[in-house]
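Visitor: I have a model open and some labels to check. Can you take me through them?
Guide: Gladly. Ask away.

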Amino acid sequence: MSPQHTIAIVGSGPIGSAYARVLVESVPDARVIMFEAGPQLTETPGASVRNIADPEEKERARELSQGPQAGALRETLGIPSSAVVEGMFTARQGTHLIDFGGEGSGHAETFPAGAASTNVGGMGAHWTCATPAPSFSERVAFIDDAEWSELMEVAEGLLHVQHAAFADSAVGAAIRSLLDDEFGAELPEGFGPSTLPVAGDPQPDGSMRWAGADVVLGPLIDPESPLSKRFELRDLHLVRKVDLDGDRVVGVTVEDLRTRQVSSVKADLVVVAADAFRSPQLLWASGIRPRALGHYLTEHPVVVTTVALDGEKMSRLATEEQLDEELARRALNPVDPVAAVNRIPFSEPGHPFSLQVMYAETAPWEMPPEAKHSGNRWGYVNMGYGMRKQPRFDDGVTFDDNELDYRGFPNMTVRYELTESELAEIAEGTERLRRVADTLGEAIAEPRLLPPGSSLHYEGTMRMGESDDGTSVADPWSRVWGYENLVVGGNGVIPTATSMNPTLMSVALAVRGARAAAERLAD
Ligand code: FAD
């Protein structure tokens, strides 16, 4: 059958990829074209750069993702050199700040760590791969339990989620046991300390091959699969506008960043999955401006600390031989920050936080040899509490038609404020983090609240809602209110206050949105 329906997807991160996968698999006559503004970093499109063994190659891949902050490589992205300013607030590797301080920079004084990635695979080429599921009020109330469970199962399959990663680590088990003794009795059944689910494939040597958009695309990027014939990924293609004819979308206007050529591509369905800031920006630039667009921004305020594990406590639960085994496994990939990851998930009413506890054999910074916990034989944990930010109209990103950013889009201004009750919850979480530290050993850093934007989990700016009452951008199936064939995807669609890493939830919502869009195309 020759393809009848053309579907344009903007953005190649895990969410655009989930849309592509479900749509190609469920609409037999569909051809999907995915447009990605950034370059392809790895031979397999969208693979995690954390799997790149060579440090220089890894560094280059990260730099290529950094858009206006891409240093000497920015020219390959078509970014003018004047957009770069040295010495600004540093972004996480592989990301670039919204407010980078140079010409054409966004304005985000109150959200200084707000960042994005511009590359095939999006942030999903750089993420830590933590994939906890939302629970209690984090969930979307209007999706019933049975459907939600099924969606989570499919999303976990798409992301290759492992529930028992590093479960055989004796060090990890000892940490869990200490946490359970201290906190277990106060937490609801099933919400005590446990291993953190992560996305990746365990390797025979005990290491992980971390998942990126590559595994979500799966057969679409396997030349042997017939499905790959109906999928096309165009990197370094910036979508400038969603083209409209009344309440219908008719395609997209795209700039090829290699040639600077601009063309129109016709489409029967457009999916915008270009992150929680640039998706609303693209809609705004296209004249699609629901009242809630860009508003209701939430993330997770994050409080972090590092603890030197107490040798006496740990050695009651794990042996020296088991520690040596753990160290030998870690030596296989010492730059991988993820090993023996535990958590205490969100639960209500008593624990409205997500704790993540990552074992590391070395401290995250160099300590003088005479420092009390330098070279701690049992190692360290880096840990943090994710807290809630409640959705408020006033928090969000607005766009200025009269000031263009470095890409020529209406420039962004992010406004964000923590309220009294959120600060109180953060203070409570910080106290709890101190208690976790005392349970495991001794904190070697004062717990600190990271600057707003640090979570890299930006939600709410295209939130879904049950009715078109001005407090949401999309319907319960992620279709933009008032447009029959325009769908949005990504963390921006999440309408609730959450404390956990959101990608799994956004993939689940994408599966739901893609299935509904497939049904509409079949009508
Ligand atoms: P993205 O992955 O951001 O992809 C969007 C893509 O759209 C980008 O590649 C961008 O270049 C492209 N784009 C934007 N505008 C245009 C345009 N106009 N035309 C064409 N293309 C465009 N999440 C978790 O759940 N767990 C974690 O452990 C975790 N750890 C993280 C660690 C790091 C260091 C980072 C950077 C992120 C982490 N995240 C984590 C966040 C996670 O990566 C994101 O939730 C996820 O990637 C979102 O997927 P997405 O497809 O919506 O957007």
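Visitor: Why are H4 and H9 called oblique to each other?
Guide: Helix H4 (residues 170-183) and helix H9 (residues 420-440) pack at an angle of about 125°, with axes 9 Å apart. Angles under 35 degrees count as roughly parallel, over 145 as roughly antiparallel, 65 to 115 as roughly perpendicular, and the rest as oblique. H4 and H9 are therefore oblique. Axes are lines fitted to C-alpha atoms, for helices over the stretch in contact, and angles run from 0 to 180 degrees between N-to-C directions. Helices (H or I, at least four residues) and strands (E, at least two) are DSSP runs, numbered from the N terminus.

Visitor: Which residues make the contact between H4 and H9?
Guide: H4 brings Ile-175, Leu-178, Leu-179, Glu-182 and Phe-183. H9 brings Arg-432, Arg-435, Val-436, Thr-439 and Leu-440. Contact means heavy atoms within 4.5 Å. The contact residues divide into six nonpolar, one polar and three charged.

Visitor: What should I keep in mind about the source?
Guide: This is a predicted model: local features need pLDDT of at least 70, side-chain atom pairs count only at pLDDT 80 or more, and totals for chains, interfaces and linings use all residues. Residues are numbered from 1 along each chain as its sequence is written, and side-chain values use heavy atoms, with hydrogens and water left out.

Visitor: What makes S10 and S12 edge strands?
Guide: Strand S10 (237-245) and strand S12 (262-266) each pair on one side only. They belong to an open sheet of three strands, ordered S10-S11-S12, with antiparallel pairing. Neighbouring strands of this sheet are turned by 30° against each other on average, direction ignored.

Visitor: How do you know that S11 and S12 pair?
Guide: Two strands pair if DSSP finds at least two bridges between them. Strand S11 (residues 248-256) and S12 have five bridges, in the antiparallel sense. Gly-251 stands opposite Lys-266 in S12.

Visitor: How many bridges join S5 to S7?
Guide: Two bridges join strand S5 (residues 161-162) to strand S7 (residues 198-202), and the strands run antiparallel. Val-161 stands opposite Ala-199 in S7.

Visitor: What do S7 and S8 form?
Guide: A hairpin, with five residues between S7 and S8. Gly-206 in the turn has a positive phi of about 95°. S7 and strand S8 (residues 208-210) pair over three bridges in the antiparallel sense.

Visitor: Why does Thr-503 count as buried?
Guide: Buried means under 20% relative accessible area, exposed over 50%, partly exposed in between (1.4 Å probe, protein chains only). Thr-503 has 14% relative accessibility, so Thr-503 counts as buried. Thr-503 is found in helix H10 (residues 503-522). Leaving aside neighbours within four places in sequence, Thr-503 is in contact with Pro-14, Ile-15, Trp-127 and Asn-491.

How values were computed:
Ala, Val, Leu, Ile, Met, Phe, Trp, Tyr, Cys and Pro count as nonpolar, Asp, Glu, Lys and Arg as charged, and the others, Gly among them, as polar.
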